Amino acid sequence: MTADSAAPGAEPLPILLLNGPNLNTLGVRQPHVYGSTTLTQIVESAERRAAERGFGLRSAQTNHEGQLIDWIHEARGQVSGIIINPGGWTHTSVALADALLVPEVPIVEVHISNVAKRESFRHHSYVSPIAVGTITGLGVAGYDYAVQFLTEHLSGQGSRA
Ligand code: DHK
């Protein structure tokens, strides 16, 4: 069941916020690129924004690709949408993009840095073609914008491009 098909008045299924490799080191990792905000702070902010809009938010980070794929499979039927920063797997993982199709929910891709301005190997994303949209280069605020967009999208108020 998705938020769209939930009974009127029923609590929508939560949003799932996933972060891939090295994002557990936010705050110390290349602050000139990724800023000084920690992942804990990012998740707390996203939880607040989701709650303000009537959605729960579950979050997880891993440095292990198979773990991430397992979590995405398990999310089928359990979440209403997924926000994901796939980190370096953005540019390498067909398997991750395939897994993201399993839950059949809207996907929003987030990158803290502007990947288009960086090395050419960061210019291709396997995730972008299966995402509703991608937020890139807006710093850690991109996660909050993703929550705002996804909650509106799931509530039928947002763009359905
Ligand atoms: C995060 C990473 O870890 C990189 O591998 C990506 C992305 C960019 C980000 O900007 O959040 O290339």
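Reader: Which residues surround the ligand?
Author: Happy to start there, with the note that this is a predicted model. Counting residues with a heavy atom within 4 Å, the ligand is surrounded by Arg29, Tyr34, Asn85, Gly87, Gly88, His91, His111, Ile112, Ser113, Val115, Arg118 and Arg122.

Reader: Which residues place a backbone atom by a ligand oxygen?
Author: There are two to point out here. A backbone N or O atom of glycine 88 lies 3.1 Å from an oxygen atom of the ligand. At 2.8 Å from a ligand oxygen there is also a polar backbone atom, and this one belongs to isoleucine 112.

Reader: What share of the ligand's exposed area does the protein bury?
Author: Good one to ask next. Taken alone, the ligand exposes 310 Å². Of that area, the protein buries 98%.

Reader: In what order do the strands of the sheet run?
Author: Five strands make up an open sheet with parallel pairing. Strands S2 (57–61) and S5 (133–136) are the edges, each pairing on one side only. The order is S2-S1-S3-S4-S5.

Reader: Which residue in S2 is the bridge partner of leucine 16?
Author: S1 (residues 15–19) and S2 pair in the parallel sense over five bridges. For leucine 16, the bridge partner in S2 is arginine 58.

Reader: Which strands does helix H5 touch?
Author: Helix H5 (residues 141–154) packs on the sheet, its direction making about 160° with that of S3. The strands it touches are S1, S2, S3 (81–85), S4 (107–111) and S5.

How values were computed: Residues numbered from 1 in each chain as written. Predicted model: local features only at pLDDT ≥ 70, side-chain atom pairs only at ≥ 80, totals over all residues. Heavy atoms only, no water. Pairing = 2+ DSSP bridges. Helix = DSSP H or I, 4+ residues; strand = E, 2+ residues; numbered from the N terminus. Contact = heavy atoms within 4.5 Å. Axes fitted to C-alpha atoms, helices over the stretch in contact; angles between N-to-C directions. Polar contact = N/O pair within 3.5 Å; in protein donor to acceptor, adjacent residues only side chain to side chain. Areas by Shrake-Rupley, 256 points an atom, 1.4 Å probe, with all protein chains shown as cover.
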